[in-house]
Amino acid sequence: MTGVILVLLLFITLPCSYASQAKNRNNYVEDACSVTRYRNLCIRTLASFSNTAKHNPSIWARAGVSVTIGEAKKVSKYLATLKRNKRGNPFRGRNKIALSDCIESFQDTLDNLHRSLFVLRKLSIREFTSQLEDVITWVSAALTDEDTCLDGFNEQKGNHVKFLTNRVSNVTYMTSNALAIVNKLATTGPECLTN
Ligand SMILES: *[C@@H]1O[C@H](CO)[C@@H](O)[C@H](O)[C@H]1NC(C)=O
């Protein structure tokens, strides 16, 4: 009986400790990204966190959200320059309105992602469940904001639109990946928290 309990205890602590010794370094990021839909993008954008995150799902969650913030900021700046473009600006009429709406959507996206990262940095065992509920809500909202931006350009043509929607879609893929990694943390529970 004691033996069974001991084995059980061993398994409970497995996700944070034992597994990290059993696998090599490159597998860390592949393991973290295994739950995501856009795996190659996930591995490419998160590989540099392998050494610090190892098999700790809370560090991966922070990394996933923070690289998404980085890319969303870049796209947000890019959108702002498109709007400022005066002479021969291809964003006219409906496209101009869509661009302004998109800029607003990206502000909301960034707010939601920043809020999420703030909470992910302050995770506690006692509040874990409600904290993760909030983070999942906010990251999902960020994804909706980005989709709202894309909707504005629906059925609009031209290379300038194509280039913009490609960059925005890229952010949606990263956000989707971050959401999957956050969901994994929620299922794993608070046992791997380092702080
Ligand atoms: C997508 O985002 C990644 C990570 O920031 C970046 O390296 C890549 O160039 C982006 N791709 C597009 C099409 O914007």
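# A tour from helix H7

Start with the cover over the buried residues of H7: helix H6 (57-84), helix H8 (128-152) and helix H9 (159-188) are among the elements that provide it. Helices (H or I, at least four residues) and strands (E, at least two) are DSSP runs, numbered from the N terminus. Two residues are in contact if their C-beta atoms, placed from the backbone, lie within 7 Å.

This is a predicted model, in which local features need pLDDT of at least 70, side-chain atom pairs count only at pLDDT 80 or more, and totals for chains, interfaces and linings use all residues. Residues are numbered from 1 along each chain as its sequence is written.

**Whole chain.** Of its 195 residues, 33% are buried. A residue is buried if 20 or more other C-beta atoms lie within 10 Å of its own, exposed if 12 or fewer, and partly exposed in between, with C-beta atoms placed from the backbone. Among contacts with a separation of 6 or more, 75% join residues 24 or more positions apart.

**Helix H7.** Select residues 94-120. How far apart are the end C-alpha atoms of H7? They are 38 Å apart, which agrees with the 39 Å that its 27 residues should span at 1.5 Å a residue; the expected span is 1.5 Å times one less than the number of residues. The buried positions of H7 include Asn95, Cys102, Phe106, Asn112, Leu113, Leu117 and Leu120.

**Helix H6.** Select Ser76, which is found in helix H6. Ser76 counts as partly exposed because it has 17 C-beta neighbours inside 10 Å. Leaving aside neighbours within four places in sequence, Ser76 is in contact with Phe106 and Leu110. Show Glu104 as well: its C-alpha atom is separated by 9.3 Å from that of Ser76, 28 residues apart along the chain.

**The core.** A nonpolar core is a set of buried Ala, Val, Leu, Ile, Met, Phe, Trp, Tyr and Cys residues joined through C-beta atoms within 7 Å. The largest one has 43 residues, and those with the most contacts inside it are Ala32, Leu46, Val65, Val139, Ile181 and Val182. Helix H3 (25-33), H4, H6, H7, H8 and H9 each supply at least two residues of this core. H9 gives the most, with 10 residues. Now centre on Val65: beyond four places in sequence, its contacts are Leu113, Ser116, Leu117, Leu120, Val139 and Ala178.

**Helix H4.** Move to Ile43, found in helix H4 (residues 39-46). With 18 other C-beta atoms within 10 Å, Ile43 is partly exposed. Its contacts, leaving aside neighbours within four places in sequence, are Val29, Glu30 and Cys33. Ile43 and Glu30 are 13 residues apart in sequence and 6.4 Å apart in space, C-alpha to C-alpha.

**The ligand.** Which residues surround the ligand? Select Thr45, Glu71, Asn166, Arg167 and Asn170; a residue is near a molecule if its C-beta atom, placed from the backbone, lies within 6 Å of it. This shell has no nonpolar, three polar and two charged residues. Ala, Val, Leu, Ile, Met, Phe, Trp, Tyr, Cys and Pro count as nonpolar, Asp, Glu, Lys and Arg as charged, and the others, Gly among them, as polar. H9 gives the most to the shell, with three residues.

**Helix H9.** Finish along H9, which has 30 residues and reaches 44 Å from its first C-alpha to its last, close to the 44 Å expected at 1.5 Å a residue. Just after H9, select Gly189, which takes a positive phi of about 95 degrees.
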